[in-house]
Every structure is written in C-alpha cells, then in structure tokens.
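Hello,

Here is the structure I promised to pass on. Please have a look, then read my notes below.

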Amino acid sequence: MNPSKIIGIILIVISLCVGYVGANKIADNTKEINLLGLKIDASNESGKEQGYLYLGLAVILLAGGIYTVNKSK
C-alpha cells in the first residue's frame, strides 16, 4: 500500500471525528426553552462558532484526504 494513500485515509478518518465533534458542539450550545408560551433562547454563540469552525476544518480535511487518495492512484 502506498504511503500517500495511508495518509489520505487517515485524513478522512480524522475529518469524520472532527466533524462529529463540531456537530456536537453546535447541538450542545443551542438551547431553547418554551415557558408558558414564551420562547427563551439560551444559546451560546461563541460555542456555536467553534462548532462551525470544526465543521469547516472537517470539510477541508476530507477534501485533502480524498485528493490524496485519488492522487496516489
């Protein structure tokens, strides 16, 4: 097996993990409460921004991994 192909597969696996962490960060920092018909938003905007940054990094890692695997063929 080619070393660049192994690196590409590792990048893809890391991107999936980083994407999972980012999605969980966004979900954990988004909270809404309905109290007697009032909608109270208790979201943490900085935590959501971190989650979006993780998702962006995951997309970049995934693209790099796919490119590396295809380049090694």
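**What I found**

Residues 24 or more positions apart make up 67% of the protein's contacts with a separation of 6 or more (contact means heavy atoms within 4.5 Å). Please note that this is a predicted model: local features need pLDDT of at least 70, side-chain atom pairs count only at pLDDT 80 or more, and totals for chains, interfaces and linings use all residues. Residues are numbered from 1 along each chain as its sequence is written, and side-chain values use heavy atoms, with hydrogens and water left out.

**Overall form**

The protein has two helices and two strands. Along the sequence, the pattern is α-β-β-α. The radius of gyration is 18 Å, well over the 11 Å that the globule rule gives for 73 residues, so the protein is more spread out than a compact globule. That radius is taken over C-alpha atoms, and the globule rule is 2.2 Å times the number of residues to the power 0.38. Along the principal axes, the C-alpha atoms fill a box of roughly 60 × 15 × 10 Å. Helices (H or I, at least four residues) and strands (E, at least two) are DSSP runs, numbered from the N terminus.

**The two helices**

Helix H1 covers residues 3-28. Its 26 residues should span 38 Å at 1.5 Å a residue, and its end C-alpha atoms are 38 Å apart, which agrees. H2 covers 45-71. Its 27 residues should span 39 Å, and the end C-alpha atoms are 39 Å apart, which agrees too. The expected span is 1.5 Å times one less than the number of residues.

**What is buried**

Of the 73 residues, 22% count as buried. Buried means under 20% relative accessible area, exposed over 50%, partly exposed in between (1.4 Å probe, protein chains only). In H1, the buried residues include Gly8, Ser15, Val18, Gly19, Gly22 and Ile26. They pack against helix H2. In H2, the buried residues are Gly47, Lys48, Gly51, Ala58, Leu61, Gly65, Thr68 and Val69. Their cover includes H1.

**One residue to look at**

Take Gly47, in helix H2. Is Gly47 buried or exposed? At 5% relative accessibility, Gly47 counts as buried. Which residues does Gly47 touch, not counting those up to four places away in sequence? Lys25 and Asn29. Gly47 and Ala23 are 24 residues apart in sequence and 11 Å apart in space, C-alpha to C-alpha.

Best wishes
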